[in-house]
Amino acid sequence: MENKFKELRKLYEEVAAINSANGVLQWDQQVYMPSGGAGARARSIGALEEIAHRKFTSPEAGRLIAQTYDWAQGKGHDSFEAGYLRAIKRDYDKAVKLPSEFVAELSRETSLGIEAWTKAKKGSDFSVFSPNLEKLLDLNIRKAELLGFEESPYDALLDLYEPGLKKSSLETLFSKLATGLKPIIKEISSRKELVSNALLKGNFDEDTQLKLVNEITAALGYDFRRGRQDRSAHPMTCDFSIDDVRITTRTCRDYIGTSLYGSIHECGHALYAQNMAPEFEFTPLAGGASLGVHESQSRLWENIIGRSEPFCRWLLPMLDKHFPGNFDNASPEELYKAVNLAEPSLVRVEADEVTYNLHIMLRFELETLLLEKKLMVKDAPELWNEKMREYFGITPKNDAQGVLQDIHWALGMLGYFPTYAIGNLLSAQLFNKLSSEIPGAEALIEKGDFKPVLDWLAKNIHTHGRKYLPEELVKKAVGSELKVEPFLEYIRNKYSKIYGFDSNCAGSQKSEFRSQNKNTGNNKVSPF
Ligand code: MG
């Protein structure tokens, strides 16, 4: 049986190597490729994906998985072999449902979609991207049908990113979140004048910004011997292997917050990838337990740590060093307030942590309607703007600030956005747990000593890769299932202090949540 397992590992290693090479092509497309290269690149990426898919779904792979599965489980639930077979079987069972030709077509359309989206966003013209989105939507509906679902095509796609989660559970979750956030945002909105982010605005040389964020991410523990940071239109993390994990950031000359927090966010993803167990390299165990778990890492570093008071005390001298003059009379308290300005805004990646989840709810609603054929692609920009008015009371000036702002649909990824909200919730639970286990965590952060925090995350999350399903991993790490309340409590405590309101006024719904969601069965998302 050992030999069969070796055969399976050899076969998968080739699949992983092809996928890794394909990742480099995709990274290059985002970072360096001239736009003229789009057509050829699409064909190369599509061809490689098809080869990898064909190899992975070959009868030989299926036979080896079937032959070694029980043997591997016999080694014990936590063994490498058992985790390996659980992960590969999950992937295989999904992959065989998608014909190679379909995978190649989706891949080609995705590459073309990215190119069209880039142009459309630049010219703020949805009609440039609209035909591509229609095609990508059709392919996603077909994908959901091929994978199979009971209630909504959304379930089949969501399961790819967040195994086990259903649209109906999300609706309940989002309803809870909205109910909890609503009074907090109301309090904040009535005290707008108390917080300003003027400190982060000015004239910031963009190359210097890159130097600054390189220094910050290195301090957080990002290993530049096994990574690099570049600029791209949409910040991202690409891991080709455990020893080559790259991040990108976006710089704005007149606002430092974009590169600063975009970079810390991607660094959180990259730390996950760099701290995986080395023996998982080129196996199905490489990667994150789910996208939500991945996002919990980026949000924990970006928000819970990166926007904390101790972090701001560490950060201010660093900002001052790179941009002498810009932060001359600033205090750490001012910086803390500036990075925590909360207000309705147009762009998700720049949204504060209080309103962020509403951006997710908006996309979740649109995606659901599109996939269930209740909304035409051509009507998406209008509904987007309508929802922006409904949730935030603001209207995007153009489609670049509206429906075209995210790359996800161009990447052919529908059902992905909710994972960001899952990440937000989990990040609060993780931070509660790690700060209870690391003595003086706040003091360490203030000193710029992030190692104990990173070590805790590496031990409890990163090292496990895809060995456990999200539910099991979360239980192991924090001792309970995913919950809404710790996140709401974190938001309530933090923002009641920043904006000076009574946390009880905005926080007395704790018990209300339980009764409300147990009895009403109200699954409708009802953000304000
Ligand atoms: Mg992210």
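Two strands count as paired here if DSSP finds at least two bridges between them. Everything in these close-ups comes from a predicted model.

**Close-up 1. A mixed, three-stranded open sheet.** Going across the sheet, the strands come in the order β1-β3-β2, and the pairing is mixed. That leaves β1 (229-231) and β2 at the edges, each pairing on one side only. Neighbouring strands are turned by 25° against each other on average, ignoring direction. Helix α9 (residues 206-220) packs on this sheet, where it touches β1 and β3. The direction of α9 makes about 150° with that of β1.

**Close-up 2. The β2-β3 hairpin.** Zoom in on strand β2 (residues 237-241) and strand β3 (residues 244-249), and you'll find them running antiparallel, joined by four bridges. The hairpin gets from β2 to β3 through two residues. For one of the pairings, look at Thr237: its bridge partner in β3 is Ile247.

**Close-up 3. Helix α10 and its two histidines.** Here α10 lies across β1, β2 and β3, and it runs at about 165° to β3. The helix spans residues 257-274 and carries both His265 and His269, which sit four residues apart, about one turn of the helix. Are these two histidines buried or exposed? His265 has a relative accessible area of 10%, so it falls under the 20% cut-off and is buried. His269 is buried too, because its relative accessibility is 10%.

**Close-up 4. Trp301 in the largest nonpolar core.** This core has 159 residues, and Ile216, Trp301 and Phe311 are the ones touching the most other members. At least three of its residues come from each of domain 1 (2-148) and domain 2 (167-505). Leaving out residues up to four places away in sequence, the contacts of Trp301 include Leu220, Ile264, Gly268 and Leu271. Further along the chain, Trp301 also touches Gly306, Phe450, Val453, Leu454 and Leu457. Apart from this core lies another, of five residues, with Val31, Met236, Cys238 and Phe240 among them.

Methods. Residues are numbered from 1 along each chain as its sequence is written. This is a predicted model: local features need pLDDT of at least 70, side-chain atom pairs count only at pLDDT 80 or more; totals for chains, interfaces and linings use all residues. Side-chain values use heavy atoms; hydrogens and water are left out. Buried means under 20% relative accessible area, exposed over 50%, partly exposed in between (1.4 Å probe, protein chains only). A nonpolar core is a set of buried Ala, Val, Leu, Ile, Met, Phe, Trp, Tyr and Cys residues joined through side-chain atoms within 4.5 Å. Domain bounds come from an automatic or database domain assignment. Contact means heavy atoms within 4.5 Å. Axes are lines fitted to C-alpha atoms, for helices over the stretch in contact, and angles run from 0 to 180 degrees between N-to-C directions.
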